Amino acid sequence: MSSSPVLVPVLRTVQVLGGASGGAHVRSLATGLAARGVRVTVCAPVEAEGEYDFTGAGAHFTPDAVSALRAACVEADVVHAHGVRAGLRAALALRGRRIPMVVSWHGGGPGAGRLSLLLERRVARAAAIVLGASSAQVDLARRLGARDARLAAVAVPAPVPQGPSAVLEPGKVRAELGVVERPLLIAVGSLVARRGYSVLLDAARAWRTLDPLPLLVIAGEGPMRAELARRIQLEGLPVRLLGRRRDAARLLAVADVAVLASRWEGRSPLAQEALRAGVPLVATAVGGLPELVGEAGVLVPYGDAAALAAAVSDLLTDPARRARLAEAGRAQARTWPSEDDTVAQVLSVYDELVPRRR
């Protein structure tokens with residue numbers, strides 16, 4: 001007498017994005033979950049689908065309209081929101097439903113306004129589990145009332161070549177930027193106040209005395225662009241605003257130093273990509289950066305333009321130290337979790353919240 005196979009219900013998850021930020025992580029997560037038989041729906045802005053192709057990763061995509069999000073959540077076993085804005089939208093969509101919500105925490109850290117703190121507190125308390133990418137974020141979530149906050153380091157996906165230009169030789173990439181005979185500094189990230197770009201431009205004034213004169217390129221877009229462009233022109237700073245670049249990884253790979261001047265960072269993608277590529281990093285000692293970087297980068301106090309300028313200048317005049325940091329960065333990167341590790345940890349959290357799959 002043959003027995004019928006036991007059918008294990010397919011786990012259904014909705015991944016919610018509040019904007020383009022975090023899209024690379026969600027695509028990586030969607031790819032790994034779908035490969036493990038999870039039914040994944042990504043609810044995000046249409047432009048995020050165009051950039052990250054969640055459908056190509058094996059997920060179903062739906063726009064982030066409130067009605068679409070509510071409809072997507074109807075049959076979900078667990079909803080995973082990425083960031084506070086996404087967490088708030090998901091909490092509203094789940095109102096009155098007994099569906100657990102996981103939030104990957106991207107809290108604003110010190111300096112966040114009162115309204116931001118109120119929203120963060122609401123999201124922290126609404127989540128069944130908060131996943132913080134750094135110990136600092138876990139501590140913040142707990143202070144805001146999270147019932148269960150855990151460390152869940154997020155792996156930055158390896159960069160994917162973007163067409164023929166991605167295979168150009170390093171010399172050609174530098175030639176495109178006009179830095180064949182001069183040092184190249186790079187910063188990457190949205191042009192918003194918390195990134196510390198005003199302090200970075202203050203530091204750039206000191207670099208004008210260096211010979212050869214370094215060029216700082218900033219890849220990113222945002223509301224501070226006009227203000228920064230005006231300062232660069234008026235003060236004659238050796239800085240170029242590149243706008244949003246899909247090839248930021250290849251630009252970073254040929255830089256002499258990567259610079260991160262933020263007021264707050266959790267598990268910075270720029271820091272991870274720089275260390276993994278062997279690019280010396282100068283960054284502020286804030287949030288999760290000391291934990292992430294360890295001894296493999298140069299850390300300075302936030303808001304100290306003189307310390308930032310001096311740290312970069314010292315590295316540019318010391319090739320041997322840059323080489324040591326490059327090797328230390330690669331070694332540090334090897335200690336971080338892989339994309340598979342990240343997916344496995346998230347899936348274990350889902351299994352904990354949805355025990356009926358056992």
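Reply: Gladly! Let's start with Leu115, which sits in helix H5 (residues 114-126); helices here are DSSP runs of H or I with at least four residues, strands are E runs of at least two, and both are numbered from the N terminus. This is a predicted model, where local features need pLDDT of at least 70, side-chain atom pairs count only at pLDDT 80 or more, and totals for chains, interfaces and linings use all residues. Residues are numbered from 1 along each chain as its sequence is written, and side-chain values use heavy atoms, leaving out hydrogens and water.

Me: Why is Leu115 called exposed?

Reply: Exposed means over 50% relative accessible area, buried under 20%, and partly exposed in between (1.4 Å probe, protein chains only). Leu115 has 59% relative accessibility, so Leu115 counts as exposed.

Me: What makes a space a cavity?

Reply: On a 1 Å grid over the protein atoms alone, a cavity is a set of points where a 1.4 Å probe fits but cannot get out; its lining residues have an atom within 4 Å of a point.

Me: How much space lies in the second largest cavity?

Reply: About 50 Å³. Among the residues lining this second cavity are Arg195, Tyr197 and Ser262.

How values were computed: 1 Å grid on protein atoms, 1.4 Å probe; cavity = no way out; pocket = protein on both sides within 12 Å on 5 of 7 lines; lining within 4 Å. Points joined across faces, edges and corners; volume = space filled by probe spheres on them.
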